[in-house]
Structures are given as C-alpha cells and as structure tokens.
Amino acid sequence: MRVTVKTGGLLYEYLPPERTGNRATLELAEGTTPLALMQQLRLPQDGTYLVIVNDELVPEEQRGERRLAEGDRVSINPPLKGG
C-alpha cells in the first residue's frame, strides 16, 4: 500500500532520498502501524512526536495499534520548543 508521509522540522532527513522536500510517498506492507512506520524511518526513539493520520491526532498509546490504509496521509512532527 502507498501512503504519503510529511515531516516537520529536520525530520525530513529521515525520509528516503527520493523525497520531495519534507514529503515522500512510501510503499508499506498492509497493516503497518504509525509506530512501525516511525521505526522503519529510523526516527530517534527518544523523541516525543506529534503524529497525525488524515487530519486525526494519533495518541502515543495508539500508534502501535492503529493500522494505516492505502492513500493515508501521515504527518510526523517533532516536539514544539519555545520560550
């Protein structure tokens, strides 16, 4: 199945080389979860990320359970920092 992944901040560096800016279309196995996608991209495990699938926030405790589907749009953003 194909999904579109968009990243925020410097996370684009974890997308494959054929990305366009901070976006990439990826071919994933059926039943892939957001957590498995993040592991496949080799995102640092110590980060707290904001994960959104099709404009719906996916809480951290659901990322290993929710299954992605053909055509899903996944947005992964680093934690916000500010002062």
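## Exposure of Arginine 42

A residue is called exposed when its relative accessible area is over 50%. In this predicted model, arginine 42 has a relative accessibility of 69% and therefore counts as exposed. Arginine 42 belongs to the loop between H1 and E3. Its phi is positive, at about 65°, although the residue is not a glycine.

## Overall Fold

The secondary structure of the chain consists of 1 helix and 5 strands. Read from the N terminus, these elements follow the order β-β-α-β-β-β. The chain is as compact as a globular protein of its length, because its radius of gyration of 12 Å is close to the 12 Å that the globule rule gives for 83 residues.

The C-alpha trace spans about 40 × 30 × 20 Å along its principal axes.

## Nonpolar Core

In soluble globular proteins, nonpolar side chains tend to be buried together. Here, buried residues make up 34% of the 83 residues in the chain. The largest nonpolar core contains 19 residues, and those with the most contacts inside it are Val5, Leu37, Leu41 and Ile76. At least two residues of this core come from each of strand E1 (2-7), strand E2 (23-27), helix H1 (34-40), strand E3 (50-53) and strand E5 (73-77).

Neighbours within four places in sequence aside, valine 5 is in contact with Leu15, Asn22, Arg23, Ala24, Leu26, Leu37, Leu41, Val74 and Ile76.

## Surface and Charge

The chain exposes about 5400 Å², of which carbon and sulfur atoms supply 49%. Its charged side chains number 10 positive and 12 negative, and the centres of the two sets lie 5 Å apart.

## Other Exposed Loop Residues

Aspartate 55 is located in the loop between E3 and strand E4 (56-57). With a relative accessibility of 71%, aspartate 55 counts as exposed. Aspartate 55 is not a glycine, yet it has a positive phi of about 70°.

Leucine 10 lies in the loop between E1 and E2. Although its side chain is nonpolar, leucine 10 has a relative accessible area of 59% and is therefore exposed.

Conventions: Residues are numbered from 1 along each chain as its sequence is written. This is a predicted model: local features need pLDDT of at least 70, side-chain atom pairs count only at pLDDT 80 or more; totals for chains, interfaces and linings use all residues. Side-chain values use heavy atoms; hydrogens and water are left out. A nonpolar core is a set of buried Ala, Val, Leu, Ile, Met, Phe, Trp, Tyr and Cys residues joined through side-chain atoms within 4.5 Å. Buried means under 20% relative accessible area, exposed over 50%, partly exposed in between (1.4 Å probe, protein chains only). Helices (H or I, at least four residues) and strands (E, at least two) are DSSP runs, numbered from the N terminus. Contact means heavy atoms within 4.5 Å. The radius of gyration is taken over C-alpha atoms; the globule rule is 2.2 Å times the number of residues to the power 0.38. Accessible areas come from the Shrake-Rupley method with a 1.4 Å probe; for residues, only the protein chains shown count as cover. Lys and Arg count as positive and Asp and Glu as negative; His and the chain ends are not counted. The place of a charge is taken as NZ of Lys, CZ of Arg, CG of Asp or CD of Glu.
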